[in-house]
Amino acid sequence: MGRHAKPSGVWFNPLPWVILVASVLFAVLALRQVPCIQTDATNAIDGFIRLCYSDIPLTWTGQEFGLGNPPLGGDAMVFSPVLGVFMLMAVRVSEWLGAEVRADADVQVQLEGAEIFFAVTAVMLFVCFLAWVVSMTLMGRDSRGRFRSWDGMLVAASPVVLASGLIHWTLLPIALSAVGLYQFSRRRVIESGILLGIAAAADTMPLAIIVAVTVCIGLRGRWTQMVKFVAPTVLTWFVIHIPLLMRDWESVIAFYQTQVSGEASYGSVWFLMQLTTWNVQSAGYLGLLVLLVLIVATVAWLYGKKLRPRVGSLVAVFIFLASLLGAAFPPQTALWLLFALVFARPLRLEYIIFTAVQVAYWFAIWGYLSGHLTAAKNGPTNLYFLAIIFRVIVDLWLLFLFYRDIARPRQDVLRAPEYSDPLGGVLLDGELMGADQDDDGPEVSVDEEDEEDEEDETTSVSRERAATPG
């Protein structure tokens, strides 16, 4: 192509290709789970050795959905409100498609219902996956969505998704968070707060995103925008919980206590300490305490140095800290780390190293749980330990890179005069993009920005190249 040619047409539009690749990858993922779905009550299946374990079909039988027990019913709160509603929808659709739900259903009938439930849930999670990759594609890297980015392909073709996408319902809160951040990047602060409030009612990890966005707004002194973001977020979260609080507030409190009070379990640094004879009591509470201290220290450092981090960088910092200090590290947590990495540093080297260690850990955890990496099978037990260590080292290295991008904004590879922060949105009003300066510049109205949205053909090629990963 010539220097001044403008890329246009379907071949230069990443959106259809990202959707195509995401569809193919998820189809392979769903088919890969088939050998782990038990269809015969007399023939148990070891999902660990087959590398296709999933909580989804087991929940149908374990929570007795087939016997009529609703996801949001019972004496205790087992699932978060949004996830419970999501499951309830899947249960109702499964019934409509032929799954039998009755109090006297035997094991075989329940297993047949679990098959349908898994298929329905997989389709619903596929929609969530598409929402994630489309949000990444539409966000672009110029803070105003004037062109589409190939960053979505880093998610659509990710081996991490192929490995862990259907272990749990993690794609649901990730999709809500991705769409919420997309809304924020398009200056829809209230809508962003509502979506992130819903995401926080589906999982606890979106709380790290909410805190990160709030801090970014506060560091720029945009108090009006902070109220517009925080108020809908908190209100949405409480509105979702009100029916449960009115029915049994103690079960709601107990549910969230279990989210932070867990003991050291598989994959965490606390579990690694436990394996080396250093037993850590109340690892969940200890990890939460350390996390809060690190978040406060980070905010104080940012305020003292008058730094204004990219939203993606600070989101990645808080998500990686939360995953490192959690009482457990289930394999599906890697999806959250992928979410954060693509927002913060969608670069080739980091992406390859991150993917390699996460997939290696995914193999190691199933080998350990199946007994093939334990002394009982005369296997190399230390391979599982090494998988945890390498994963933690890479996570710490990426965390260092995120902090370095924040501390040295002029060396941040994603900052440039035309696209300093893909998630900046209203935070970029009155600022020279890519520069750290006081907020005393002239305010830029939305109408003025809309008038500037027409791209200059002579710079289109360079912008498209900048949007290409790596």
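This is a predicted model: local features need pLDDT of at least 70, side-chain atom pairs count only at pLDDT 80 or more; totals for chains, interfaces and linings use all residues.

Q: Good to know. How many helices and strands are there in the protein?

A: The protein has 18 helices and zero strands.

Q: And what share of the 470 residues is buried?

A: Of the 470 residues, 53% count as buried. The protein exposes about 20,800 Å², and carbon and sulfur atoms supply 64% of that area.

Q: Let's look at one helix. What span should α4 have, and how far apart are its end C-alpha atoms?

A: Helix α4 covers residues 107-139, so at 1.5 Å a residue its 33 residues should span 48 Å. The end C-alpha atoms are 47 Å apart, which agrees.

Q: Nice. Which residue caps its N-terminal end?

A: That's Asp106, with a side-chain oxygen 3.3 Å from the backbone nitrogen of Gln108. Just after α4, at the other end, Gly140 takes a positive phi of about 65 degrees.

Q: Switching to charges: how many salt bridges are counted?

A: The count comes to eight. One of them pairs the side chains of Arg92 and Glu95, at 2.8 Å from N to O.

Q: Where do Arg92 and Glu95 lie?

A: Both are in helix α3 (residues 81-96), three residues apart, or about one turn of the helix. Residues three or four places apart in an α-helix point the same way, because there are 3.6 residues a turn.

Q: Which salt bridge has buried partners, then?

A: Arg345 and Glu350 make one, with their side chains meeting at 2.7 Å, N to O. Arg345 has a relative accessible area of 6%, so it is buried. Glu350 is buried too, with a relative accessible area of 6%.

Q: And what about Arg391 and Asp395?

A: Their side chains meet in a salt bridge at 3.7 Å, N to O. Both sit in helix α16 (residues 382-407), four residues apart, and both are buried. Elsewhere, salt bridges that share partners join Glu100, Arg102 and Asp104 into one network.

Q: Now the surface. Which residues form the nonpolar patch?

A: Val234, Phe238, Leu245, Trp249 and Ile253, with about 450 Å² of accessible area together. Phe238 is placed in helix α10, and with a relative accessible area of 43% it is partly exposed.

Q: What else is in α10?

A: Ala231, for one; the helix runs over residues 223-260. Ala231 has 40% relative accessibility, so it counts as partly exposed. Ala231 and Gly193 are 38 residues apart in sequence, while their C-alpha atoms are 7.6 Å apart in space.

Q: Last one: is Thr298 buried or exposed?

A: Buried: its relative accessibility is 4%, and the cut-off for buried is under 20%. Thr298 lies in helix α12 (residues 283-305).

Q: What does Thr298 touch?

A: Leaving out residues up to four places away in sequence, Thr298 touches Leu314, Phe318 and Tyr403.

Technical notes. Residues are numbered from 1 along each chain as its sequence is written. Side-chain values use heavy atoms; hydrogens and water are left out. Helices (H or I, at least four residues) and strands (E, at least two) are DSSP runs, numbered from the N terminus. Buried means under 20% relative accessible area, exposed over 50%, partly exposed in between (1.4 Å probe, protein chains only). Contact means heavy atoms within 4.5 Å. The expected span of a helix is 1.5 Å times one less than its number of residues. A polar contact is a pair of N or O atoms within 3.5 Å; within protein, one must be able to donate a hydrogen and the other to accept it, and residues adjacent in sequence count only if both atoms are side-chain atoms. Patches are made of residues with over 30% relative accessible area and no salt bridge: like charges are joined within 9 Å, nonpolar side chains (Val, Leu, Ile, Met, Phe, Trp, Tyr) within 5 Å. Accessible areas come from the Shrake-Rupley method with a 1.4 Å probe; for residues, only the protein chains shown count as cover. A salt bridge is a side-chain nitrogen of Lys or Arg within 4 Å of a carboxyl oxygen of Asp or Glu.
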